[in-house]
Protein chains: 2
Amino acid sequence: MPEDRQVSVIAGGVGAAKFLRGLLKFYPNELVTAVVNVADDFHLHGLSISPDLDTVAYTISNQVNPETGWGRTGESWRVMTELEKLGGHTWFSLGDLDLALHLYRTQRLAEGATLSDVTREICAAWGITANLLPATDAKIRTQLKVLDKDWVDFQDYFVAQQHSVPITDVRFAGIESASPGPGVIPSLEEADIIIIAPSNPIVSVNPVLEISGIREVLQRRKETVVAISPIVGGEALKGPASRMLEELGYEKSAVGVADLYKNIASILVIDETDAALSSRIESQGIQPLVTDTIMSDPERAAHLAKVTLESLFLSKEGPL
Amino acid sequence: MPEDRQVSVIAGGVGAAKFLRGLLKFYPNELVTAVVNVADDFHLHGLSISPDLDTVAYTISNQVNPETGWGRTGESWRVMTELEKLGGHTWFSLGDLDLALHLYRTQRLAEGATLSDVTREICAAWGITANLLPATDAKIRTQLKVLDKDWVDFQDYFVAQQHSVPITDVRFAGIESASPGPGVIPSLEEADIIIIAPSNPIVSVNPVLEISGIREVLQRRKETVVAISPIVGGEALKGPASRMLEELGYEKSAVGVADLYKNIASILVIDETDAALSSRIESQGIQPLVTDTIMSDPERAAHLAKVTLESLFLSKEGPL
């Protein structure tokens, strides 16, 4: 395993966080950059909340709640319990420890710091030496067109309505004028491997790719890009990715993922469960790689990360 | 004691809160209106914080920390402890329970509610039947000219610098365009007694009086107005009131308070300690009333409230 190579990972929330934790278990952390989705970011109670950045930071600093995959271990809920008594919004649960992070971020943004600055500060405070980069410092917001209704904000769909309503379209408000965050394009240009983490292609990966210039780098460097399918056996392990693919006209399987990534990735890592889809994926023009993609513990996640790295390095250099 | 009369109290923070709790122990709560200072309100961590309104609400709903006189009893500090690890601002301590209130207020204001609306909602949630009114729904901010320096915000002076620096001037930014909150003028017009609570005259009472129309009502209804001196034996029981009086050219005693209130109040309640100042207060054109003003427990506060009510009602009607 060549361990002097730059690795850049396009990341959403829980799946990406688990993958990154696996990767960082064995790979030099300072060689790893995560370009993280911020289109789920939102404001509540006056606070700036960045769910994907937080989930990744909590997970790779080993502070994440292992039962939920998000939020903090040892979390408490005094503020939310009290807020509930006041009749406040409690549909998005914010633990006491988690709130501290949102207070910090909100105050720093009010002081003029960028989201990139704040993320760097949080990483420093928690000893994270991997590079965690918001995909953009601009405000972009995923909105979903809900069947027979208006556009709704992502968190309203995802958390408040528990992604129970069919969607007909997705947009990322503000993305036309958003520039990639500092370091994002250089990281993708200089990476020896670009990994698209097993995140929701529609609402986690796409709002990164759609930021000016990012998809173009991946298209140009397609031979360097390996994607991991978040769909296993036709279902997402977590969240609505599978239903979303179907509702937006894609096959709800690793083949649908291949369809989405065929112009920007040369390899698609799929689960053993989906081995039979290999030829259909290959006919999309993307090379399937079958392995165990279920990251039920950090060791299995590390194994998936190793196989992912080796796939590309092997194909370039032969067996180690 | 006639208990069918409307009582209006101009209130700052801790001293006013204790006085109000004493009053509400025996007086029909729905006949009492508190017009509360909001010029100490500020933003921190993205949250809208209203220290005086909160102190009054916590105190009269018997949720206040009895040791400090502010904040909540049974408070915990998980969020602040975690925020400190991140290097965030912790100079203004926000307990977990307290934070819930700030989250609630901030969210409601973002949704378009006024501070008066939010205050009413909080009172309803906590079973407060006295009328708690922000002096204004507009944003006004106390600023202090610090010796040889620029203007600083109140919380920076009061909490961050622990009011240790001399001041040369006070202003209330935004007050020129501020209107009294809904119900404020009617309450003062209709009150059978208007009480100026034992609060800091410079930074708690003045930013209420300076709001358009309020001082005028008190001037016109001066015979209905009783003030309570927050200065006892030349010192404030809490906070910098005494130093502020002196720094701004007033005598730092109940006489200085009389000087400030002589055109808007007919009676000044002073502590037994200051009985010897009676003739000097009288020569300011305001009638002194000597009693125990130290509100070390709710019973003593209730006694002070009774004496205050009786002073005016007695002088109008003779002994009960």
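This is a predicted model: local features need pLDDT of at least 70, side-chain atom pairs count only at pLDDT 80 or more; totals for chains, interfaces and linings use all residues.
Visitor: Is B:Leu268 buried or exposed?
Guide: A residue is buried if 20 or more other C-beta atoms lie within 10 Å of its own. B:Leu268 has 30 C-beta neighbours inside 10 Å, and therefore it counts as buried.

Visitor: Which residues does B:Leu268 touch, not counting residues up to four places away in sequence?
Guide: The C-alpha atom of B:Leu268 is separated by 6.0 Å from that of B:Gln287, although the two are 19 residues apart along the chain. With residues up to four places away in sequence not counted, B:Leu268 touches B:Ala227, B:Ser229, B:Ala254, B:Val257, B:Ala258, B:Tyr261, B:Ile281, B:Ile286 and B:Pro288.

Visitor: Why is helix H11 of chain B described as largely enclosed by the rest of the structure?
Guide: The buried residues of H11(B) include B:Ala254, B:Val257, B:Ala258 and B:Tyr261, and these residues are also among those that B:Leu268 touches. The helix runs over residues 254-261 of chain B, and it is described as largely enclosed because the buried residues number eight of the eight.

Visitor: At what angle do H3(A) and H4(B) pack?
Guide: The contact of these helices is made by A:Arg78, A:Val79, A:Glu82 and A:Leu83 of H3(A), together with B:Asp96, B:Leu97, B:Leu99, B:Ala100, B:Leu103 and B:Tyr104 of H4(B). These residues divide into seven nonpolar, no polar and three charged. H3(A) passes H4(B) in a right-handed crossing, and the axes, 8 Å apart, pack at an angle of about 50°.

Visitor: How are H4(B) and H5(B) oriented to each other?
Guide: B:Leu101, B:Arg105, B:Arg108 and B:Leu109 in H4(B) meet B:Asp117, B:Val118, B:Glu121 and B:Ile122 in H5(B), a contact that divides into four nonpolar, no polar and four charged residues. The axes come within 10 Å and cross at roughly 140°, while angles have to be over 145 degrees to count as roughly antiparallel. The orientation of H4(B) and H5(B) is therefore oblique.

Visitor: Which helix gives the most to the side of domain 1 of chain A that touches domain 2 of chain A?
Guide: The domain assignment of chain A gives domain 1 (7-140 + 175-317) and domain 2 (141-173), with 20 Å between their centres, taken over C-alpha atoms. In the contact, 16 residues of domain 1 of chain A meet 14 residues of domain 2 of chain A, and the side of domain 1 has eleven nonpolar, one polar and four charged residues. Helices H8 and H10 of chain A are the elements that give two or more residues to that side. The most, three residues, comes from H8(A).

Visitor: How many residues of H8(A) are buried?
Guide: Among the buried residues of H8(A) are A:Pro201, A:Ser204, A:Asn206 and A:Leu209. The helix is largely enclosed by the rest of the structure, because the number of its residues that are buried is nine of the nine.

How values were computed:
Residues are numbered from 1 along each chain as its sequence is written. Chains are lettered from A and ligands numbered from 1 in the order in which they are written. Axes are lines fitted to C-alpha atoms, for helices over the stretch in contact, and angles run from 0 to 180 degrees between N-to-C directions. Helices (H or I, at least four residues) and strands (E, at least two) are DSSP runs, numbered from the N terminus. Angles under 35 degrees count as roughly parallel, over 145 as roughly antiparallel, 65 to 115 as roughly perpendicular and the rest as oblique. Two residues are in contact if their C-beta atoms, placed from the backbone, lie within 7 Å. Ala, Val, Leu, Ile, Met, Phe, Trp, Tyr, Cys and Pro count as nonpolar, Asp, Glu, Lys and Arg as charged, and the others, Gly among them, as polar. Domain bounds come from an automatic or database domain assignment. A residue is buried if 20 or more other C-beta atoms lie within 10 Å of its own, exposed if 12 or fewer, and partly exposed in between; C-beta atoms are placed from the backbone. A crossing is left-handed if the near helix is turned anticlockwise from the far one by less than a right angle, and right-handed if clockwise.
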